[in-house]
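Please examine the sequence and the structure shown below. The briefing that follows is arranged by topic.

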Amino acid sequence: MVDAYDPVVVTIGERRGAAPLPDDPTGRRNMRLLIQLRWIALIGQAAAIVFVGWVMGVALPMREMGLAVCGLLVFNLFSLIRWRNERRVSADALLVAFLVDVVVLTVQLYYSGGARNPFVYLYLVQVTLGGVLLPVRQGWALLAFVVACGALLAWFYRPLPLSLFDPGGTPEIPYLAGLLICLLINAALIVFFLTRIGRNRRDRDARLAALRQRAAEEEHIVR
């Protein structure tokens, strides 16, 4: 996890005692990454509900799971409007965005088998990106919240009307297939978004270098 007041998390100049740099778009870019991730989550959740419920014929609580998808859609549209022109995005704002995503994922898992659902490992995407984008305090808060949600899903959930394990506890084919898909999704999302975050960091470093060079030249002229 990054240190508190890291420029990648908020914006350059938000450290204590530093002058603000209002033209730095890093914070907004990071928030946009989360909005893009949320669009992917919305499409994935809707597709999974349709496939499992209608194609496989598994009786899912469509109304409850559909409401969770609609709630996430509304929140993402609100985020898109709220952060469209805002450059300074605080670490707390990023943490709230992560928490909303975790809550919706937890609701979907609650209605689809809880911790026995192989897609419970999608929590790893949130934890990984949170560890990169958030300062230490907010990063640990996100991790604690994810662990608490995962622990609750181990005891409180609606069982799927589908056999995922045989009487001996051996995973059935649907569970193994879901686990493989989940691992592929995790790997693809983590690689894709960490690459984008790295590009934001390099752009930030380039802007800082240019500012330092300009400051050195101005100081030389003044002397």
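A search of the whole structure, which is a predicted model, finds two salt bridges. A salt bridge is a side-chain nitrogen of Lys or Arg within 4 Å of a carboxyl oxygen of Asp or Glu. Because the model is predicted, local features need pLDDT of at least 70 and side-chain atom pairs count only at pLDDT 80 or more, while totals for chains, interfaces and linings use all residues. Residues are numbered from 1 along each chain as its sequence is written, and side-chain values use heavy atoms, with hydrogens and water left out.

**Salt bridges**

- Asp-101 forms a salt bridge with Arg-38, and their closest N and O atoms are 2.6 Å apart.
- This pair links distant parts of the chain, since Asp-101 belongs to helix H3 and Arg-38 to helix H1, 63 residues apart.
- Helices (H or I, at least four residues) and strands (E, at least two) are DSSP runs, numbered from the N terminus.
- Asp-101 is buried, with a relative accessible area of 8%, and Arg-38 also counts as buried, at 1% relative accessibility.
- Here buried means under 20% relative accessible area, exposed means over 50%, and partly exposed lies in between (1.4 Å probe, protein chains only).
- The other salt bridge joins Glu-64 to Arg-63, with 3.5 Å between the closest N and O atoms.
- Arg-63 counts as exposed, at 60% relative accessibility.

**Overall fold**

- The protein chain has six helices and zero strands.
- Read from the N terminus on, its elements run α-α-α-α-α-α.
- Of the 223 residues in the protein chain, 39% are buried.
- Among contacts (heavy atoms within 4.5 Å) between residues at least 6 apart in sequence, 77% join residues at least 24 apart.

**The largest pocket**

- The largest pocket holds about 940 Å³ of space.
- On a 1 Å grid over the protein atoms alone, a pocket is an open set of points where a 1.4 Å probe fits, with protein on both sides within 12 Å along at least five of seven lines.
- Grid points are joined across faces, edges and corners, and a volume is the space filled by probe spheres set on the points.
- The largest pocket is lined by 34 residues, and the closest to its centre are Gly-44, Ala-48, Asn-117, Phe-119 and Leu-122; a lining residue has an atom within 4 Å of a point.
- At least two lining residues come from each of helix H1 (26–55), helix H2 (62–82), helix H3 (91–110), helix H4 (123–133) and helix H6 (173–222).
- Helix H1 gives the most to this lining, with ten residues.
- The lining divides into 25 nonpolar, seven polar and two charged residues.
- In this division, Ala, Val, Leu, Ile, Met, Phe, Trp, Tyr, Cys and Pro count as nonpolar, Asp, Glu, Lys and Arg as charged, and the others, Gly among them, as polar.

- Asn-186 lies in helix H6 and is buried, with a relative accessible area of 5%.
- The side chain of Asn-186 reaches the backbone oxygen of Tyr-121 at 2.9 Å.
- Not counting residues up to four places away in sequence, Asn-186 touches Tyr-121, Leu-122, Leu-124 and Val-125.
- Leu-129 lies in helix H4 and counts as buried, at 2% relative accessibility.
- Leaving aside neighbours within four places in sequence, Leu-129 is in contact with Leu-37, Phe-98, Phe-193, Leu-194 and Ile-197.
- Leu-129 and Leu-34 are 95 residues apart in sequence and 9.0 Å apart in space, C-alpha to C-alpha.

**Two glycines**

- Gly-27 lies in helix H1 and is buried, with a relative accessible area of 0%.
- From C-alpha to C-alpha, Gly-27 and Asn-200 are 9.3 Å apart in space, and they are 173 residues apart in sequence.
- Gly-66 has its place in helix H2 and is partly exposed, with a relative accessible area of 24%.
- Gly-66 and Ile-49 are 17 residues apart in sequence and 8.3 Å apart in space, C-alpha to C-alpha.

Key: A polar contact is a pair of N or O atoms within 3.5 Å; within protein, one must be able to donate a hydrogen and the other to accept it, and residues adjacent in sequence count only if both atoms are side-chain atoms.
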